[in-house]
Amino acid sequence: MRRFILFFAIAAAAAPGCKSGGEKTDESGGGEAMATSPYGKPGFTAVPAADNRIWVFRTGSKELAEFQQKGELVKFVTRPGAGPGGMTVRSADAETIVAYAAARDGFVTFVRENRIWVFRPGTKDLAEFEKSGEPAKCITRPLAGPMRMTVKGPDVDTVTEYLCAKEGFVTRCEDSRLWVFRAGSKELAEFEKQGELAKHVTKIGAGPGGVTVKAPDSETIAAYVVANDGFATFVRDGRIWVFRKGSRDLAEFRKTGEPAKCITRPLAGPMRMTVKGPDTETVDAYLAVMVRPAPAPAVTNPKPAVTMEKADTPKPSEVPVAEVTMYEKAGFVAALDDDGRLWVFREDAKEIAEFRRQGELTKHVTRIGAGPGGITVKGPDTATILEYVAASDGFVTYIRDERIWVFRPDSKDLEEFLKSGEPAKCYTRIGAGPLRMTVKGADVETIDAYLAAVSP
């Protein structure tokens with residue numbers, strides 16, 4: 001079995017913006033916008049609009065002046081899901097949207113050929129990049145950044161800290177572990193001065209992509225794990241309360257505490273915590289952007305990530321299909337189309353031949369955000385998509401009534417299940433699996449191990 005590598009893209013918090021054309025971050029301006037909008041970043045003005053959209057402009061630009069004077073622009077570009085919390089972003093041009101999405105606090109970013117170069121301010125690597133361009137040696141994370149852009153940087157720690165950045169927190173990589181501190185805390189100052197804290201808490205696999213997280217206390221880890229740009233989150237009694245930033249519901253919650261009316265999703269959140277919110281739309285939006293799989297492993301000056309399988313040279317009658325080993329799972333073929341959507345097939349499916357000939361099936365099913373990194377998944381039928389999403393190396397899974405049955409290979413429980421159907425004894429985790437499907441198994445240990453393997 002080849003283990004399939006997952007990717008994640010965490011939309012990070014307020015950060016310096018980067019100019020188009022590969023120019024570096026503009027760290028000036030934006031203070032006024034930050035004061036009036038929870039989605040602003042230094043160098044950018046973000047204006048919330050109706051229908052879960054925001055308008056983004058470079059602070060001081062003529063387009064912003066036109067927008068402030070006349071309202072919605074006649075000519076503009078739209079990028080669904082590119083903003084904080086999966087919001088749709090509109091702007092005068094695509095370059096501004098990309099620069100806004102790439103910007104993160106504490107980093108200098110450049111966008112070149114749809115790749116994000118990231119550096120810490122004041123470093124020798126940044127000075128060298130500004131002087132001579134792309135270095136001979138670099139670290140690459142394919143498709144791991146905002147808008148599924150590839151992220152490049154001078155070293156693993158810089159790239160990882162960029163990808164793990166969240167508003168209100170400072171992260172530091174040390175020995176492949178992620179230290180997390182609240183911004184401005186005395187513990188952060190102590191860590192910067194003397195290194196590892198004598199007193200700290202460790203949570204194995206709690207961070208993005210299953211990275212081990214260390215922090216001064218458990219509360220800091222929980223607050224970091226559940227935080228997501230575009231949302232205000234609170235952990236109370238082991239449950240996550242989630243609200244849109246700047247919303248009336250958030251103001252009411254801060255004033256009066258738990259509202260009379262709320263929506264609850266048991267075990268659906270990070271670390272399998274229950275999620276609560278004021279309405280279905282808010283909770284669904286939060287869960288959609290939080291379901292981010294693991295980062296791609298760092299690659300030093302890699303070969304192209306996309307390769308052709310089956311044959312080195314496709315037949316003239318076939319459409320070149322980019323089959324991507326990074327999305328592979330045992331028993332499935334996975335391929336990206338020109339629009340960046342993931343097509344999945346059972347490895348013996350007859351539809352594969354049709355897909356190779358024409359690049360798309362006439363009849364197919366689409367699940368938005370169901371794949372690794374929140375990528376849209378397409379397949380010949382719903383069953384194929386659900387089976388692909390549920391599959392995990394080291395486990396045997398079956399989908400029945402949109403519930404996932406999970407077993408260890410060659411176990412007696414699997415043998416009994418195949419022979420007689422649902423076993424007399426089973427355990428259930430409601431809404432805890434991929435796509436919030438219910439997970440069932442013959443013992444708690446198998447279910448917990450499976451959920452740990454597929455957790456974002």
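This is a predicted model: local features need pLDDT of at least 70, side-chain atom pairs count only at pLDDT 80 or more; totals for chains, interfaces and linings use all residues.
# Notebook: salt bridges, a sheet and a buried strand

I started with Lys214, which forms a salt bridge with Glu196, the closest N and O atoms being 3.7 Å apart. A salt bridge here is a side-chain nitrogen of Lys or Arg within 4 Å of a carboxyl oxygen of Asp or Glu. This pair links distant parts of the chain, 18 residues apart: Lys214 sits in strand E14 (residues 213-215), and Glu196 in the loop between helix H6 (186-194) and strand E13 (201-203). Helices (H or I, at least four residues) and strands (E, at least two) are DSSP runs, numbered from the N terminus.

Residues are numbered from 1 along each chain as its sequence is written, and side-chain values use heavy atoms, with hydrogens and water left out.

**Are the partners buried or exposed?** I looked up Lys214 and Glu196 in turn. Lys214 counts as buried because its relative accessibility is 11%. Glu196, at 40%, is partly exposed. The cut-offs: buried means under 20% relative accessible area, exposed over 50%, partly exposed in between (1.4 Å probe, protein chains only).

How many salt bridges does the structure hold? I found 13. One of them joins Arg90 to Glu72, with the closest N and O atoms 3.3 Å apart. Arg90 is in strand E6 (residues 88-91) and Glu72 in the loop between helix H2 (62-70) and strand E5 (77-79), so the pair ties together parts 18 residues apart in sequence. Arg90 is buried at 15% relative accessibility, and Glu72 is partly exposed at 46%.

I also checked Arg429 and Asp448, whose closest N and O atoms are 2.8 Å apart in their salt bridge. Arg429 lies in strand E27 (residues 427-429) and Asp448 in helix H13 (residues 444-454), so this one ties together parts 19 residues apart in sequence. Asp448 is partly exposed, at 26%.

Next I traced an open sheet of 4 strands, in the order E15-E16-E18-E17, with mixed pairing. Strand E15 (231-236) and strand E17 (263-265) are the edge strands, each pairing on one side only. Two strands pair if DSSP finds at least two bridges between them. Strand E16 (residues 239-244) and strand E18 (residues 274-277) pair in the parallel sense over 3 bridges, and Ile240 stands opposite Val275 in E18.

Helix H9 (residues 280-290) lies across E15, E16, E17 and E18 and runs at about 105° to E16. For such angles, axes are lines fitted to C-alpha atoms, for helices over the stretch in contact, and angles run from 0 to 180 degrees between N-to-C directions.

**Val226.** I found Val226 in helix H7 (residues 218-226), buried at 1% relative accessible area. Val226 and Val275 are 49 residues apart in sequence but 9.8 Å apart in space, C-alpha to C-alpha. Leaving aside neighbours within four places in sequence, Val226 has contacts that include Ile240, Met273 and Tyr286. Contact means heavy atoms within 4.5 Å.

**Strand E21.** Last, I looked at strand E21 (residues 332-336): 5 of the 5 residues are buried, so the strand is largely enclosed by the rest of the structure. Phe332, Ala334 and Leu336 point one way, Val333 and Ala335 the other. E21 pairs with strand E22 (residues 342-346) in the antiparallel sense over 5 bridges, and Leu336 has Leu342 as its bridge partner there.
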